[in-house]
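Visitor: Could we take a close look at a single part of this protein together? I would like to focus on charged side chains.

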Amino acid sequence: MVNSKILNKEISAWIEEYPLLEEIINLKESLWINPQYSKFEESIKNISLSDADVLDAENRLNRFAPYIAQVFPETKPENGIIESPIVKIDNMKTKLEDTCGEKLIGNLLLKCDSHLKVSGSIKARGGIYEVLKHAEDLALQNNIIKLDDNYEKLDTDEVREFFSNYSVVVGSTGNLGLSIGIMSAKLGFKVTVHMSADARQWKKDLLRSKGVEVIEYESDYSKAVEEGRKQADADANSYFVDDENSKNLFLGYSVAARRLEKQLKDINIKVDSNNPLFVYLPCGVGGGPGGVAFGLKLLFKDNIHFFFAEPTHSPCMMIGCMTEEHDNVCVQDFGIDNVTDADGLAVGRASGFVGKTLEKLISGCYSVTDENMYRLLSTMADSENIFLEPSALAGVCGIVNILTSKEGKKYLRDNNLEDKIKNINHVAWATGGSMVPKDIMDEYYNKGVSLLK
């Protein structure tokens, strides 16, 4: 049921001002191109964060690398740096061409944050980073470490006993809770994860097995965040990880950009005015994709174009950015139920901080049905032997939207990219999947196969 009035304006007036809203309200797959998209030098002017902030975050992760390698042995081959591979997915591109009936020019690559070690999703970037920053702040303030120490010294019973006097709290649809819970528990913090109704049971079970307190709600993400914030506010020694507004989360994600730049160089992929980069990022509240996109913009400026991908039932960033109301509106205001199998993306209200920060940097947003995410899931498994959770597939169809739709073609034309189409490298950001239990992944796969018939 659509509200008769939203921010004192009739729904008919909203649709008249933003005609695409009618399509979005009717749960159709939609592509919105940002009319405010501007040149980097213009759009960066009013943003308070900078290269220096990203470098500070990168340096902090480097300081913690010896500790990470020690307490998570699976990260030893990378010396405690938690990073994911990037791979070309030519077979998948061929399958997409078969489905859409058009040739898709350019490379299609998959950034496999689905296979990040420790917590198996993009949240291993921002979530783990924020916990580490909080731990470092406490340890420095209490003379447990100095900045030039080897942080392996944090791996002692005495330090864990110290951290046990403090608690970490977060509200989550699943993957952020995993990264916060696993890292906080390893350090010794008391951890509580407030989880929304759409969070997968296996994620709750895994957290509990690590000693994390999990509180479940029958409501959606907003309720989990609200209750988590209340709990943290009631205890001076409690730290709330605010997925909607945290600059620390945002900066943890942004470090991915510098690492991607090196990976692209290693496989001889240039990013410059003749070789643009298009990146498609699944989006929930916006912190993860927003941070990654911001870092990439700082590096590649006008040579990168990024699009956020959302479920048709949870297009909060698209509605927030399109109306320029950001977190003043939610999908439920427009009669959209926010019920999706893409649990990491099941968010009804976007981050105002991210939306406003990226207001002139984001190229656009598009939406995908759950059914198409499942179809893409099984096709990816068959064509590339890569298994992802449903939400992680949202970015994969971005190349189709840009190269085959009238809105996408207009974007290429308006940005003088028509003669460079063959040089565009398209990166779909895979956000999670490697930790999904096999029986559940089999269910996902079989559902995708049945939908393809």
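Visitor: Are Asp343 and Lys203 buried or exposed?

Guide: Happy to look with you. This is a predicted model, where local features need pLDDT of at least 70, side-chain atom pairs count only at pLDDT 80 or more, and totals for chains, interfaces and linings use all residues. Residues are numbered from 1 along each chain as its sequence is written, and side-chain values use heavy atoms, with hydrogens and water left out.

Asp343 and Lys203 are both buried (under 20% relative accessible area, where exposed is over 50% and partly exposed lies in between, with a 1.4 Å probe and protein chains only). The two residues form a salt bridge, with the closest N and O atoms 2.9 Å apart; the term means a side-chain nitrogen of Lys or Arg within 4 Å of a carboxyl oxygen of Asp or Glu. Asp343 sits in the loop between α14 (316-323) and α15 (352-357), while Lys203 belongs to helix α9 (residues 201-209), so this pair ties together parts 140 residues apart in sequence. Helices here are DSSP runs of H or I with at least four residues, and strands are runs of E with at least two, numbered from the N terminus.

Lys203 also forms a salt bridge with Glu389, at 3.3 Å between the closest N and O atoms. Glu389 lies in the loop between α16 (370-384) and α17 (398-404), so its pairing with Lys203 in helix α9 ties together parts that are 186 residues apart in sequence. Glu389 counts as buried at 2% relative accessibility, and Lys203 has 0%.
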